[in-house]
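Welcome! Please keep the structure open beside the text as you read.

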Amino acid sequence: MFSYRHAFHAGNHADVLKHFVLVQVLEYLNQKDVPYTYIDTHAGAGVYSLDSAQATKTAEFETGIGPLWDRDDLPEPLADYVQLIKDLNPSGKLRFYPGSPYCAEIVAREEDRLRLFELHPSDAKILADNFHKLEQHQAANGRRPAARGKRVIVNKADGFFGVKALLPPPSRRGVVLCDPPYEDKQDYKKVTDMLNDALKRFPTGTYAVWYPVLQRIEARNFAERLKHLPAKSWLNVTLCISTPTPDGIALHTSGMFLLNPPYTLEPMLRQVMPYLVQVLGRDAGAQFTLESGEAATAKKAAPRTA
């Protein structure tokens, strides 16, 4: 149950897609003065050391943030995401990579709220410790929250169920990120069940689901099932960096599926995804797909390859 540790995969191509899209969603929400709540169902440890034993064992960051680190031709939206990571590495050397909670903490405003769930006992403790240290650092530098209430709350709990008590958020604005490890094939059903319930409680919320593209039947049909959830609109983007291996084990493709996405997201992805394919692609099999629709009836489907 607790075998998955994201430290082995931090900063890989799947993280680049996930966190880049997340940053764009939060930046869109920042355009209105009304505060919002960010909910992370599987938050992880928050920050990862890329020179740790886990990260160097697999060196998966070399398939993602590594090739982007020194590029001087990044499209503007992608440059903002890379700069966020560079700000976490003031020495100029790529040593630390922020998980989704830290990306959200950096982008969200002081009046916004972060509600983080992590069930793995070790990662839940590390996550809480990381945010406690961050609060101490901010207080030492004179930064104290102006808004009332706890801005960041870490819950050692199952986010699939914990999210229910938080919807709808007080301001009726919010985004839920759901990215379980999918080691248990039941995770696919848990995601759809959670989203069905969440949309009843908070139909106007934005929901972002990361998922791996694998050979198992649950993964192959996953995005199609999400398209039939009762949201106003949806967007699905995938990034493939190489031709699938014959054994089908290595993760070469992942996707982000969004319910009620910002209207600005699709045109931005059409600009940036070809660049990611060009820079992160390992062979001729590298490509991306991008499609969107309304409710259960597709408005348009536009696969793109490079």
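Where does D179 lie? D179 is found in the loop between β6 and α8 (186–201); helices (H or I, at least four residues) and strands (E, at least two) are DSSP runs, numbered from the N terminus. This is a predicted model, in which local features need pLDDT of at least 70 and side-chain atom pairs count only at pLDDT 80 or more, while totals for chains, interfaces and linings use all residues. Residues are numbered from 1 along each chain as its sequence is written, and side-chain values use heavy atoms, with hydrogens and water left out.

**D179 and its partners**

- D179 counts as buried because its relative accessibility is 10%; buried means under 20% relative accessible area, exposed over 50% and partly exposed in between (1.4 Å probe, protein chains only).
- Leaving out residues up to four places away in sequence, D179 touches K18, D40, T41, H42 and W210, where contact means heavy atoms within 4.5 Å.
- The side chains of D179 and K18 are joined by a polar contact of 2.7 Å. Such a contact is a pair of N or O atoms within 3.5 Å; within protein, one must be able to donate a hydrogen and the other to accept it, and residues adjacent in sequence count only if both atoms are side-chain atoms.
- K18 also has its charged end over the ring of W210, 5.4 Å from the ring centre. A charge sits over a ring if NZ of Lys or CZ of Arg is within 6 Å of the ring centre and within 35 degrees of the ring normal.

- Two strands pair if DSSP finds at least two bridges between them.
- On β6, which also pairs with β1 in the parallel sense over four bridges, V176 is the bridge partner of I39.

- S171 sits in the loop between α7 (159–162) and β6 (174–178), and counts as partly exposed because its relative accessibility is 25%.
- The side chain of S171 reaches the backbone oxygen of P35 at 2.6 Å.
- Y275 belongs to helix α11 (residues 265–280) and is buried, with a relative accessible area of 8%.
- A polar contact of 2.6 Å links the side chains of Y275 and D73.
- Although Y275 and L74 are 201 residues apart along the chain, their C-alpha atoms are separated by 8.1 Å.

**Aromatic rings**

- The whole structure holds nine aromatic pairs. Rings of Phe, Tyr and Trp (its six-membered ring) pair if their centres lie within 6.5 Å; planes under 30 degrees apart count as stacked, over 60 as edge-to-face and the rest as tilted.
- W234 and F257 form a stacked pair, 5.6 Å centre to centre with 15 degrees between the planes.
- Because W234 lies in strand β8 (residues 233–240) and F257 in strand β9 (residues 253–259), this pair ties together parts that are 23 residues apart in sequence.
- One aromatic cluster is formed by Y182, Y188, W210, Y211 and F222.
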